[in-house]
Structures are given as structure tokens and as C-alpha cells.
Amino acid sequence: MEKIIITTSDSVSGIVVGGRWQAVVKLLPEKDAVIITDSNIADIYGDDFPDIPVLKIEPGEKSKQFKIIDSLAKKLLKAGIDRSGFILGIGGGVVCDVTGFLASVYMRGIRAGYVSTSLLSQVDASTGGKTGVNAGSVKNVLGTFRQPEFVICDTTMLRTLPDDEYLSGMSELIKTGIIGDRSIIDLLENNTAAIMRRERELLTSLVSKAIRYKASVVAKDEKEAGLRRVLNFGHTFGHAVELFSGVKHGYAVAAGMKMATLYSYRKDYISRKDCERITDLLKRYNLSGDINIPPEKMEKMIVHDKKRTGTEMNFVFIKGIEKPVVEKIPVRELIGFYKDYLKGIVVI
Ligand SMILES: NC(=O)c1ccc[n+]([C@@H]2O[C@H](COP(=O)([O-])OP(=O)(O)OC[C@H]3O[C@@H](n4cnc5c(N)ncnc54)[C@H](O)[C@@H]3O)[C@@H](O)[C@H]2O)c1
């Protein structure tokens with residue numbers, strides 16, 4: 001079991017990886033604690049939940065809406081939760097984002113912690129303190145920065161995760177390997193079968209490495225003023241793919257990472273060997289689906305991305321494994337690259 005501490009200017013948050021999630025009961029206050037979870041998690045793990053009130057939301061992105069926050073807030077009021085209360089989110093990225101957002105605005109902020117249950121939320125969503133709900137189809141428009149008091153990542157919970165959700169989370173793990181920790185890539189390359197069998201020890205090691213890297217970035221740049229942007233590797237094209245095709249976040253990010261890798265290669269930022277290593281790894285984990293979004297649509301999606309500034313946008317390239325760089329790129333150039341990618345002009 002490992003404990004990773006995230007220290008920011010105004011908070012200290014502890015992430016426990018590898019222990020059993022049921023130990024969360026020891027971290028809860030004696031009274032006025034409430035669980036937020038989704039109905040899938042409640043069905044599988046509900047019998048072992050601590051004996052406190054449970055508020056359930058529907059699984060999936062449709063629950064990241066302001067009207068769900070409103071309805072949960074009313075339920076907290078009804079349960080008599082005041083500023084000294086505590087919310088425990090037990091679930092994947094959606095439950096963590098909703099719990100974190102609610103905790104940061106309810107009575108101007110109450111305490112919260114997470115039991116993080118999906119691979120995506122363990123390696124990404126529950127570390128770093130970003131919370132958010134969507135406005136219509138635009139993701140995370142309403143959000144806050146708020147570190148939970150604790151996050152518990154029990155990798156045995158990943159055994160019940162559906163295969164497509166598991167691979168979607170794998171994509172963020174691969175991203176972390178590319179931008180921040182080559183030992184993640186080594187493990188993923190050398191232990192593919194065991195990782196696909198979801199062996200606990202390997203997963204605990206991988207999840208800890210990913211969290212350590214993200215924690216180090218967040219500690220230096222909690223509010224995404226600079227360094228933290230590297231975590232968006234693959235996300236510029238990825239968000240557009242997600243919006244257009246509706247594929248799961250990780251699959252879309254994988255498509256975006258492939259494009260960002262080929263773009264980096266085209267600019268002579270990375271060697272052919274590194275380029276092949278990354279594209280092969282994505283293939284190995286079945287994360288190499290084809291993209292066929294018309295360029296005009298791609299442009300529209302990209303300029304709607306909230307990270308855009310004027311006609312230029314920040315794009316994360318790599319100059320080698322563990323060497324991400326953020327550069328301002330004219331949207332026109334980005335779309336030019338994309339057109340060539342579609343025509344097959346950009347190949348390794
Ligand atoms: N805050 C951040 O920094 C951040 C970072 C990345 C992603 N996100 C957000 O996270 C969300 C995606 O997270 P997600 O992929 O975990 O989605 P999710 O929470 O919808 O979980 C995916 C599905 O898996 C189920 N599930 C979760 N854990 C399970 C388990 N152990 N066993 C069985 N089923 C399980 C859920 O019920 C759901 O149906 C998106 O909304 C995204 O915007 C946030």
C-alpha cells in the first residue's frame with residue numbers, strides 16, 4: 001500500500017493506492033457524512049458501504065449536469081447536512097467530478113473524499129482537484145479546483161469494470177507514460193497479458209506511478225497556468241473526436257495521442273523509433289481505432305474547445321518520451337496537418 005501526498009498552496013490531500021477500499025470507514029467523521037455513488041457501483045459494492053445515507057445518481061456523463069447538483073443539494077439539506085458535513089464519492093470520474101463540484105459549492109464548501117473505482121478515475125480524474133459538470137453537450141464548463149481530503153484507489157475494484165471502460169482508462173495510463181514516466185511504458189509493453197488479466201500488484205504499481213507523476217505536476221501548477229497543460233497531450237484532437245463520435249473519453253484521447261505523436265514526428269521533434277513505439281503500444285491495447293471526421297467538422301469542434309485563444313491554440317507535442325512541450329499553433333496549421341493525416345500523407 002502506498003500513500004501519495006498532494007500539497008498545494010492551501011490544501012493537503014492524501015491518495016492511498018493498493019489498500020482495501022472498505023477501510024474508508026476509518027476516515028469518515030462520526031456524524032453527518034453522506035455517500036454519493038452511481039447505481040452500478042451501488043449494485044456491486046453497496047452491501048459493503050459504510051452505514052450512512054446513500055444518494056444515487058444514474059451512471060454516465062448524463063449525470064454531470066447542474067440539475068443533478070441542484071437535486072443532490074436539496075437531498076443534503078433534507079438529510080440535515082450543514083457546513084460541518086462530509087461527502088464521500090464512491091465511483092468513477094463522473095461520481096468524483098459531481099461529488100467534488102457539489103462539495104466545493106454546497107454551503108460555500110464542505111469536506112469531501114473519494115473511493116475512486118474506475119481505471120480512468122484512479123489514474124486521472126480523482127487526482128488534481130478539478131471538478132466539473134457540463135453545460136449542454138459542452139464538457140466541464142462549470143467547475144472548480146478543489147482537492148478532496150483523501151482518495152482511495154483499490155485496484156481490486158477494477159476487476160468488475162467493463163472491458164471497454166478498462167481500456168478507456170488504459171489510454172490515460174499510456175498518456176502518463178508518454179509524457180511523464182517511461183517505466184509505465186516498459187511495464188505496459190512487458191506485461192500486457194497480466195495487465196489485461198487485471199493483476200492487482202501490477203495495477204497498483206501502474207496506478208501509483210501515474211498518480212505520482214500527476215501529483216508532481218499539480219503541486220507545481222494547481223490551476224493550469226502553465227505546466228499542467230502537458231496533461232492535455234492527445235486531448236485537442238481527442239475532445240473533438242469524443243464530441244463528434246461519442247466514443248468513450250479514453251478511446252478519443254488515444255486517437256488524439258496518435259495524431260499528436262505523428263504531428264510531433266512530422267515536425268522532426270521525435271525519432272521514428274519513438275513514434276513507432278507509441279503507435280505500437282496503442283495498438284497493443286486495442287486503442288488504435290480509425291478516425292474519419294470531415295476536416296470542417298474537426299475545425300468547428302477544435303475552435304469550440306475552451307483552451308483556444310484567438311486563432312491560435314495550445315497544442316501539446318512531444319520531443320521524446322517524457323518530454324512534452326506546449327506550443328501555440330495556428331488553428332489553420334492544425335487543420336492542415338489533420339487533412340494530410342486523413343489523406344494518409346502523414347505516415348511513419
Ligand atoms: N476531474 C478531472 O481531472 C478529470 C480527469 C479526467 C476525466 N474526468 C471526467 O471523468 C469522467 C469519466 O470517468 P469514468 O471513465 O470513470 O466514467 P464513469 O464514472 O461514467 O464510469 C464509467 C462506467 O463504469 C462504471 N464503473 C465505475 N467503476 C466501476 C467498477 N469498479 N466496477 C464496475 N463498474 C464501474 C460506472 O458505473 C460507469 O457506468 C468524464 O466525465 C471526464 O470528464 C475528470
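Thr 8 has Ser 11 of E2 as its bridge partner, and E1 and E2 (residues 11-17) pair in the antiparallel sense over 7 bridges. Here two strands are said to pair if DSSP finds at least two bridges between them, and the element names refer to DSSP runs numbered from the N terminus, with helices (H or I) of at least four residues and strands (E) of at least two. Residue numbers start from 1 along each chain as its sequence is written. The model is predicted, so local features need a pLDDT of at least 70 and side-chain atom pairs count only at pLDDT 80 or more, whereas totals for chains, interfaces and linings use all residues.

**View 1**

**View 2. Domain 1 and domain 2 touch each other.**
The protein chain is divided into domain 1 (2-160) and domain 2 (163-343), with bounds that come from an automatic or database domain assignment. The centres of the two domains, taken over C-alpha atoms, are separated by 26 Å. The contact takes 25 residues from domain 1 and 26 residues from domain 2. On the side of domain 1 that touches domain 2, E1, E2 and H4 each supply at least two residues, and by class this side has 10 nonpolar, 12 polar and 3 charged residues. In this classification Ala, Val, Leu, Ile, Met, Phe, Trp, Tyr, Cys and Pro count as nonpolar, Asp, Glu, Lys and Arg as charged, and the others, Gly among them, as polar.

**View 3. A shell of 30 residues surrounds the ligand.**
The closest residues of this shell are Asn 40, Gly 92, Gly 93, Val 94 and Ser 118, a residue being near the ligand if its C-beta atom, placed from the backbone, lies within 6 Å of it. Two or more residues come from each of helix H1 (39-45), helix H3 (93-105), helix H4 (119-125), strand E8 (138-145) and helix H5 (163-180). Both domain 1 (2-160) and domain 2 (163-343) give at least three residues to the shell, which by class has 9 nonpolar, 13 polar and 8 charged residues.

**View 4. Strands E7 and E8 form a hairpin.**
Strand E7 (residues 130-135) runs antiparallel to E8 and is joined to it by 5 bridges; Lys 130 has Phe 145 of E8 as its bridge partner. There are 2 residues between the strands, and Gly 136 in the turn has a positive phi of about 60°.

**View 5. Strands E11 and E12 form a hairpin with 5 residues between them.**
E11 and E12 run antiparallel and are joined by 7 bridges, with Glu 312 having Pro 330 of E12 as its bridge partner. Gly 320 in the turn has a positive phi of about 130°. Glu 322, found in the loop between strand E11 (312-318) and strand E12 (324-330), has a phi near 70°, a positive value in a residue other than glycine. Most residues other than glycine have a negative phi. Glu 322 is partly exposed because 15 other C-beta atoms lie within 10 Å; a residue is buried at 20 or more such atoms within 10 Å, exposed at 12 or fewer, and partly exposed in between, with C-beta atoms placed from the backbone.

**View 6. Tyr 341 lies in helix H13 (residues 331-343).**
Tyr 341 counts as buried because it has 20 C-beta neighbours inside 10 Å. Not counting residues up to four places away in sequence, Tyr 341 touches Met 259, Leu 262 and Val 346.

Notes: Contact = placed C-beta atoms within 7 Å.
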